[in-house]
Amino acid sequence: MTLLLLLASGLDGKTLNFNSDWNFMKADPDGAHEVEFDDQEWAIVSAPHTFNDTDTFDNWSPPGHKGEMDQWMGRTWYRKHFVAPEDWQNKKVIIEFEAVRQLAEIYLNGEKIGSSINGFVPFAFDLSPYLEIGGDNVLAVMVDNSFIKDDDYDGWRSWDKYEGGAKLPWNNPHWHPAHGGIYRNVRLHIKDSLHLTLPVYSNLGTVGTYVYATEVSRTKATIGIEPQIVNSGTSTRTFKVVSRVLNREGDAVLTLEKDVRLKPSESRIIELTGSLREPQLWEPKHPYMYTVETELIEGDAVVDANRAPLAIRWF
């Protein structure tokens, strides 16, 4: 099944919920990353998804805090078919996984575009060079939750004999069940060549928008907002960065802005600071949260935007 994607515009640009309609196989067939591989008989699942949903917590842990010992482990595959619309031409298209456990290898249209071994933190990749604009695309994800058991471990000197997820010492039921799968959300970001980055440094080398408060008192706080902006296009762009601190009612209580000019292939972190009067201070009995909204405005158009939470605390 091929999905024709309809874009949903939001404050974070154009972002698609990519959770639904994954084809899944709890096995490791040859060629599963290839475009022409036949996955029509595979199960249809949606993320968040784990393939250990029925074999966890159904056995007692052996003595010695060894954990669940009878879980399925191995290499599995997820595949998603979609059409990339013509208006994605010259856009930056980024796939973001909130987490995949334990090992993940990502392929688009048969090409390996990257991998992740952490199992717990978000990662992302730029799909733009590999997309078939106006045509069918196949995103394939190999997920391996192989783990080592306490009874199998005979010291760090033997570590090289292990393969897949078992090479990672924290992937052990001694600590927690070794659930495998795309077990958190998946998003597809479609951005202009001039855009705010995502905070996914390990894969994209980008830091997103950093928001903080200093010199905090009950009468005022200094607010710092540092968005990272990239111009991945071929022409110089002149625009305005506008950041607003919104209260819980959505009203702007502080607005900061700066004119910026970025050359082609240039990346820059813009520093904005201002004073917020009589801030609502966060504490357990009063967990007040602000929202920081940042926009890139070129002419009369909002090219990209994002939102970040902000709590202000006085120690």
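Q: How do the residues of the lining of the largest pocket divide into nonpolar, polar and charged?
A: This is a predicted model, in which local features need pLDDT of at least 70 and side-chain atom pairs count only at pLDDT 80 or more, while totals for chains, interfaces and linings use all residues. Residues are numbered from 1 along each chain as its sequence is written, and side-chain values use heavy atoms, with hydrogens and water left out. Counting Ala, Val, Leu, Ile, Met, Phe, Trp, Tyr, Cys and Pro as nonpolar, Asp, Glu, Lys and Arg as charged, and the others, Gly among them, as polar, the lining divides into eight nonpolar, five polar and five charged residues.

Q: Which strand supplies the largest share of the lining of the largest pocket?
A: Strands here are DSSP runs of E with at least two residues, numbered from the N terminus. Both β12 (186–191) and β21 (301–310) supply at least two residues of this lining. The largest share, five residues, comes from β21.

Q: Where does Val121 lie, and is Val121 buried, partly exposed or exposed?
A: Val121 sits in the loop between β9 (111–116) and β10 (123–126). Buried means under 20% relative accessible area and exposed over 50%, with partly exposed in between (1.4 Å probe, protein chains only). Because its relative accessible area is 40%, Val121 is partly exposed.

Notes: Helix = DSSP H or I, 4+ residues; strand = E, 2+ residues; numbered from the N terminus.
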